[in-house]
Structure formats: C-alpha cells, structure tokens
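Me: I would like a close look at a single part of this model, followed by an account of how the rest is put together. Please take the part I ask about below as the starting point.

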Amino acid sequence: MGYSGFKVFWEGLRGNTGWKPVWRDPAPKPHYDVIIIGGGGHGLTTAYYLAKNHGITNVAVLERGYLGGGNVGRNTTIVRANYLLPGNSEFYSHSLKLWEGMEQELNYNTMMSQRGVLNLAHSDGQMDAFARRGNQMLIQGDDAELLDADGVRAHAPFLNFKSQRFPIRGGLLHRRGGTARHDAVAWGYARGADRMGVDLIQNCEVTGFRIENGKVRGVETSRGYIGAGKVGMAVAGRTGQVAAMAGLRLPIESHVLQAFVSEGLKPIIPGVVTFGMGHFYISQSDKGGLVFGGDLDFYNSYAARGNLPMLEHVMEAGMAMVPMIGNARMLRGWGGIMDMSMDGSPIIDRTPIDGLFLNGGWCYGGFKATPGSGWCFAHLLATGEYHKAATRFRLNRFETGHVLDEEGTGARPNKH
Amino acid sequence: MRIECPQCGARDVREFTYLGAAVLADRPDADATTEAWQDYVHLRDNPAGPHDELWHHAMGCSAWLRVRRNTLTHEILTVTMAQEDRT
Ligand SMILES: Cc1cc2nc3c(=O)[nH]c(=O)nc-3n(C[C@H](O)[C@H](O)[C@H](O)COP(=O)(O)OP(=O)(O)OC[C@H]3O[C@@H](n4cnc5c(N)ncnc54)[C@H](O)[C@@H]3O)c2cc1C
Ligand SMILES: [Zn+2]
C-alpha cells in the first residue's frame, strides 16, 4: 500500500476502514543469512539497506519488545551534521544526506524539518572554537554560519540577552539541521524492510549466542534457537549486556539521559537552540510541545528514568537562557539508556568472533545517525569492508590510541 | 538517591560526585602490559544490577567512597570508605 495525499483523502471519506497492518508478524524461520539483534532505528535501517543496497533479504530483525520501543522512540529527535573530527565529520555528513532523501525513499512522512540548529557562544574562546568547527563543516561540504549577537537576536529574539554570567556573544547556525518524527523513522524503515522480505520478529529476546570454533552459528532466543550466517548487534543501551553473552567486554558504560516536554503551544522556537555552557537544549515538536533536555545523570544506570537533581538543573538552565518557558507547564519527563563509549564516538565494526558484528556506543547522538549507521553497518555485514564514511569507528581504536574524542574529555563516558 | 556516607550519614546525591566503576581504584603498575592498561582505562563490565563504583563526598567530608548500587533500581546496597577498602 503506497501512501499519498489522495489516499488520506479517500480513506477519510470511507471512515478510514481501508488501512491495513503495515508489516507482517512472521514466526521465526530456523535459519537466516543475517540476524540483526534490536528493532530500534539502527537495527531497522541496517535490515533495510541490507535488502535495498545489497540484495540480502533472508534477514531477521529480532526485537525483545516492540519495534521502536527503545531509544528511537525516546529521543529528542535532533538531526545535525556539525562534527569537528575526521571520522565523525564524514559519517554524519553522509547520514544527513540520507535524511534529506528519506521521505521520498520510504514513501513515508518522517516529518523531517530542517529549521536549523543554533549553538550559542558566550566568550571569545567559544567563538573561535565555533569558527573552527564551522570551517570544518564547510570543508566537509555541509553548511555553517557564524552569527554575531545581532544575528542570534534575529533568529531567536526570546533568548536572555542580558545574562551576566553567560552573555550571548554569537552562535553557530547549521541551517540544514533540525528535527524529525522519531517513531515515523522506525515505522517507515520497518515497513520498507518488511516489503523487501525482511522478517521483523517482535517479543523475541536474544538470550545467548551459539559460538563454535570462534564462529557464531546463531542465537538463543525467548522464541527458540535461530541459526544465522552472520549476526549484527544493534541494541543501543543494552550493548554491554548483549555483548557479554558472547564473552566480550567493551569500552562502553550504560547511562541514563532524561528529556522533558511541555504542553502544546503555538510555534515559537525556530528549530533547535542549544545552550551548551548550561547543559540545555530546546526545540518544539510539530504538536507544539517544547522538547528539552540536558546532560546525563552522570552515574551508570539501566533504569529508564532519572533523578530529580538533573531535572532541576535542566529547568534552571532553561530558565536562565530562555526565561519565557517559565510560563509553560511541563507535562512529562522520561529517561532512556545510552551506550556511552569511552571516547564519546560510536563503534561499527566486526568483533573477535567470526560472523559477529557490533553497532553501538551511540551515546547522546544516535538518532541523527540512524540512516547512516544502517547504511554503513549493512555495507560491512554484506561486503566485509568498511564503508568509506565509517572507516574509523573501530573497536580496537582504544588500544591503538586512535580515539575519536570529540569533546576532549578523556576516557570518562559520563563526560562526553 | 541518598548515599549513606560512613562519616556523615545519609546525604542527598547532590552532595556527591561520581567518578566511575570501582576498578578505577586498582591502577596497574606503571610497567604493566598494554593489555592491562587497556583493560583498566577502557574496558568495563557494565552490569545491569549490583555495580561497585566510586563516589566523592565533595560537598561533605570530602572522602572517597566505594558504593555498591543496583543500576536497575538505583538502590544503594553498601557504602564503605574507598581507602579502608583497599587495605
Ligand atoms: C532522552 C534522549 C534524548 C536523545 N536525543 C537525541 C537527539 O536529539 N539526537 C540524536 O541524534 N540522538 C538522541 N538520542 C540518542 C538516540 O536516541 C540513540 O542513540 C539511538 O536511538 C540508539 O539507536 P537505536 O534507535 O537503534 O536504539 P533503540 O531504539 O534503543 O534500539 C535498540 C533495541 O534493541 C532491543 N534489544 C535490547 N536487548 C535485546 C535483546 N537481548 N534481544 C532483542 N532485542 C534487544 C531494545 O528493546 C531496543 O528496541 C537521545 C537519547 C535519549 C535517551
Ligand atoms: Zn561524608
């Protein structure tokens, strides 16, 4: 079933009785060419591009809950390509281009809204750092504009320009950045993968690996043993736990990140505004809710909820930089578990076990990576070669010293 | 979360700073192998359940504490002085 404006209109006339389930609910087969563990954004895009780019369709995505019930449905939906380091820069650039073609590619409205990402600067040093970052973005072929205080005022007049502690000196504006509808991204790729023959198997938890002579043969699941030629892990916050079942110890810790949303309001926030010095960022959803968040709670956690101190901190930082939000009522807050790597950058690589591949360590920023991650992970699974946009996300970079520490904070996962 | 500091009693988590897994207290010798250092600096068990970790009572008595905490529930299980624990 293709989607179109006409279809929506027609179904409206028929009382919406013609819509059908968008993907099948297949029973697991005894064996697949490739099994992807995790039906979040990255697992679904990987399956989609395995089928689409490489013609590998005997593929299953095993999800322990329901599709899109993990972080892909819990994040604050910011999409951007404003990285500094070679390794990250080309990857997020590639991913942003895929975002720009996604709705046509999937015939699915993922509500990609490129209304810009503005990072605020409060000192000369920060302006210099942003100039450098902006130049790197331009060299990468993406867009960046360094704004002075008046430029920021024109873009976001509601900010606190009188702050003594954090006077607004300017900002870095990345106009092609923005937000997208997170659930729709999962559903769109799920539908696309299913249509090409991928089995999306929900309520199917992987509980162990069958490994013989250093090679993976398949996975034990809550729905029985399933054999596989290759297995790819894409389980986000659970990366450490799932890898441990294969005997791997990783440079990853799991941490909780909170986010908050207000009641629905008329459009007021253009795109995304980040106040990095105060650990605060804000955007507005298409429903009108102000969506905002800050830093991790800083301690290891697998509880999909945070604690009060960080909630208060985010509210205080928000009030300091965007005082008008004090008039809105906060409706909800929630937490999601992030696989924080030791250098703050992801891993897309093979593992020491033959046939077992790893996609993880996405930290704060895995939503914007969703299409690029699937594209590059599928490439590695299918061809055995690193995709040119993802050559540095190696598992051994920590030993060899080739870390990608974008923030320059060292091996402290809670600091990235 | 409240942490029961052995010196100060139960205090709000806001008074403490988190460092990381307690293995950080077991620094290898300077001439240890690269593997031992890689293990110490980068690799973690990352358990979903009881986890030994180091907290600094920065806004209190300034002691380093070794805290066993359940990462699934945030329940604090035991707290000892990090230093005593090492000897
Ligand atoms: C509050 C919050 C805000 C965020 N904001 C942003 C943002 O603005 N921009 C951005 O780019 N990123 C953001 N992120 C990060 C982003 O959401 C994640 O990095 C990304 O979603 C992770 O990839 P995923 O979608 O595949 O994860 P998930 O959706 O979590 O998928 C992993 C799946 O694996 C499944 N799984 C786990 N264990 C097993 C098992 N044993 N067997 C089978 N299945 C299993 C899980 O059930 C889950 O569905 C945010 C995250 C949070 C929590
Ligand atoms: Zn104390």
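Leaving aside its neighbours within four places in sequence, which residues is A:Arg133 in contact with?

Reply: The model is a predicted one, and the description that follows should be read with that in mind. Once the neighbours within four places in sequence are set aside, A:Arg133 is in contact with A:Asn82, A:Tyr83, A:Leu84, A:Leu172 and A:Glu406. The residue itself sits in helix H4 of chain A, which covers residues 124-139. With one of these partners, A:Glu406, the contact is a polar one between the two side chains, at a distance of 3.3 Å.

Elsewhere in chain A, a salt bridge is formed by A:Asp194 and A:Arg24, whose closest N and O atoms are 3.0 Å apart. This pair links distant parts of the chain, since A:Asp194 belongs to helix H6 (residues 182-195) while A:Arg24 lies in the loop between helix H1 (5-13) and strand E1 (31-37), and the two are 170 residues apart. Over all chains, the count comes to 26 salt bridges.

Turning to the ligand, there are 37 residues around ligand 1, of which A:Glu63, A:Asn71, A:Thr76, A:Tyr364 and A:Lys368 come nearest. By class, this shell is made up of 17 nonpolar, 14 polar and six charged residues. Helix H2 (41-54), strand E12 (252-264) and strand E16 (330-341) of chain A each supply at least two residues of the shell, and the largest share, three residues, comes from strand E12 of chain A.

The backbone of chain A also takes part in the surroundings of the ligand. A polar backbone atom of A:Gly41 is 2.9 Å from an oxygen atom of ligand 1, and a backbone N or O atom of A:Ile78 lies 3.0 Å from an oxygen atom of the ligand. In the case of A:Arg64, a backbone N or O atom is found 3.1 Å from a nitrogen atom of ligand 1. Taken alone, ligand 1 exposes 1000 Å², and the protein buries 95% of that area.

Chain B has two helices and six strands, and from the N terminus on its elements run β-β-β-α-β-β-β-α. Along the principal axes, the C-alpha trace of chain B spans about 40 × 25 × 20 Å.

Where the chains meet, 23 residues of chain B are in contact with 27 residues of chain A. The size of an interface is often given as the accessible area lost when the parts come together. Here chain B and chain A bury about 2300 Å² between them, with 48% of it on carbon and sulfur atoms. Four salt bridges are counted between chain B and chain A, and one such bridge is formed by B:Asp39 with A:Arg249, with the closest N and O atoms 2.9 Å apart. The count of residue pairs in polar contact between chain B and chain A is 16, with both residues at pLDDT 80 or more. On the side of chain B that touches chain A, the elements that give two or more residues are strand E3 (17-21), helix H1 (34-41) and strand E4 (50-56) of chain B. The residues of that side divide into 11 nonpolar, seven polar and five charged.

Key: Residues numbered from 1 in each chain as written. Chains lettered and ligands numbered in written order. Predicted model: local features only at pLDDT ≥ 70, side-chain atom pairs only at ≥ 80, totals over all residues. Heavy atoms only, no water. Near = heavy atom within 4 Å. Polar contact = N/O pair within 3.5 Å; in protein donor to acceptor, adjacent residues only side chain to side chain. Areas by Shrake-Rupley, 256 points an atom, 1.4 Å probe, with all protein chains shown as cover. Helix = DSSP H or I, 4+ residues; strand = E, 2+ residues; numbered from the N terminus. Nonpolar A, V, L, I, M, F, W, Y, C, P; charged D, E, K, R; others polar. Contact = heavy atoms within 4.5 Å. Buried area = accessible area lost by both parts, 1.4 Å probe. Salt bridge = Lys/Arg side-chain N within 4 Å of Asp/Glu carboxyl O.
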